[in-house]
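Student: I am new to this structure, and I would like to learn how to read its features one at a time. Could you take me through them slowly?

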Amino acid sequence: SVQNTAATGFGFKNRIINGAMVISQRNAGASVTANDGTFSVDRWKYVATANGKFSMQQNAGSVTAPVGFNNYLGATSSSAYAVLTGDFFCIGQQIEGFNFADMAWGTANAKTVALSFQVYSSLTGTFGGTLTNSAGNRSYPFSYSIPAANTWTSISVTVAGDTTGTWVGATNGTAVQIRFGLGAGASYSGTANAWAGTYYNQPTGTVSVVGTSGATFYITGVQLEKGSTATSFDYRPYGTELALCQRYFESLSMYINTSSAQYPFFYFVKRAAPTVSSTASGFNLSGVTPTINGCYAYQTTGGTITITVSAEL
């Protein structure tokens with residue numbers, strides 16, 4: 001079932017941002033070719049050793065979302081690709097240290113977490129993903145089963161917190177990376193449901209979505225919470241979810257006159273000093289260092305211009 005934060009007071013129970021795949025600032029629901037580092041919906045990034053093997057889209061295939069949800073993220077395989085030993089493909093999210101430090105991973109007090117989600121695929125069998133640190137030298141490849149094709153399946157995985165390794169604490173860096181595997185070679189496949197001192201993308205022997213042309217993998221309702229038992233999805237108000245996403249990425253538009261001048265641009269406070277860019281003619285950021293909440297830029301062409309501001313992990 002779905003719970004509303006405003007009604008229940010759960011707050012930030014779910015450490016995943018945009019787990020219901022509602023916010024899509026960059027693409028407004030359009031399909032994108034998945035290259036390494038591509039974001040489709042907000043906060044969800046495709047990470048892979050080869051480009052162009054998937055298309056990604058909010059509500060790809062236009063299937064009915066699971067009960068309690070309106071959106072999902074879909075990946076569709078573009079060909080039948082045989083993974084090489086050093087290949088891996090996945091969809092994931094990096095969680096900021098400030099939002100995960102209380103888990104105390106890397107210490108004797110490491111907390112257990114529960115990962116839950118809704119998943120749908122044209123393939124069946126044992127699938128996998130991983131939780132890993134920012135350095136990629138600690139990972140927990142988890143497995144789960146999709147028993148029926150083209151059917152939403154509810155999954156929950158319990159992960160005992162890692163008491164060793166180096167994990168980012170209360171900073172604006174990456175504390176933990178959550179990844180859902182779409183295929184991996186031998187170098188990035190390991191023992192299921194156990195901590196390892198290297199990066200594994202998914203367990204050995206799990207389904208390779210990239211290996212079947214046209215294969216689909218849809219996911220929504222992703223939640224990572226403290227404790228050994230998954231609870232109802234913490235569905236935050238739309239405005240709250242959007243603001244959480246805008247700490248990492250924002251697209252804004254403004255109207256300026258036709259005179260050549262230096263203009264101030266203000267945006268939501270970012271995780272770190274962002275990269276600011278625009279495709280508008282006459283936009284020039286040369287010699288200007290953006291701060292976490294604004295910058296000046298030269299603009300020589302009038303009209304409405306759109307600026308993107310990124311401080312992604």
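Tutor: Let us begin with a charged pair: R15 forms a salt bridge with D102, and the closest N and O atoms of the two are 2.8 Å apart. The pair links distant parts of the chain, 87 residues apart, since R15 sits in the loop between α1 (5–8) and β2 (32–34) and D102 in the loop between β6 (88–96) and β7. A salt bridge here is a side-chain nitrogen of Lys or Arg within 4 Å of a carboxyl oxygen of Asp or Glu, while helices (H or I, at least four residues) and strands (E, at least two) are DSSP runs numbered from the N terminus.

Student: What kind of model is this, and how are its residues numbered?

Tutor: This is a predicted model, in which local features need pLDDT of at least 70 and side-chain atom pairs count only at pLDDT 80 or more, whereas totals for chains, interfaces and linings use all residues. Residues are numbered from 1 along each chain as its sequence is written, and side-chain values use heavy atoms, with hydrogens and water left out.

Student: Is R15 buried or exposed?

Tutor: Buried means under 20% relative accessible area, exposed means over 50%, and partly exposed lies in between (1.4 Å probe, protein chains only). R15 counts as buried at 11% relative accessibility, whereas D102, with a relative accessible area of 33%, is partly exposed.

Student: How many salt bridges are there by this rule?

Tutor: The count comes to eight. R15, D102 and K226 are linked in a network of such bridges. Another salt bridge joins E312 with R43, where the closest N and O atoms are 2.6 Å apart. That pair also links distant parts of the chain, with E312 in the segment after β21 (303–310) and R43 in the loop between β2 and β3 (45–48), 269 residues apart. Both E312 and R43 are buried.

Student: Over the face of which ring does R43 lie?

Tutor: A charge sits over a ring if NZ of Lys or CZ of Arg is within 6 Å of the ring centre and within 35 degrees of the ring normal. R43 lies over the face of Y248, at 3.8 Å from the ring centre, and R26 lies over the face of F39, at 4.2 Å from the ring centre.

Student: How many aromatic pairs does a search of the whole structure find?

Tutor: Rings of Phe, Tyr and Trp (its six-membered ring) pair if their centres lie within 6.5 Å, and planes under 30 degrees apart count as stacked, over 60 as edge-to-face and the rest as tilted. The search finds 25 aromatic pairs. One of them is the edge-to-face pair of F117 and Y144, at 5.0 Å centre to centre and 80° between the planes. F117 lies in strand β7 (residues 113–121) and Y144 in strand β9 (residues 139–146), so this pair ties together parts that are 27 residues apart in sequence.

Student: What is the order of the strands in the open sheet of three strands?

Tutor: Strands of a sheet pair through backbone hydrogen bonds, either parallel or antiparallel. Two strands count as paired if DSSP finds at least two bridges between them. The order here is β16-β21-β18, with antiparallel pairing. β16 and β18 stand at the edges with a single partner strand each, so one side of each is left without a neighbour in the sheet.
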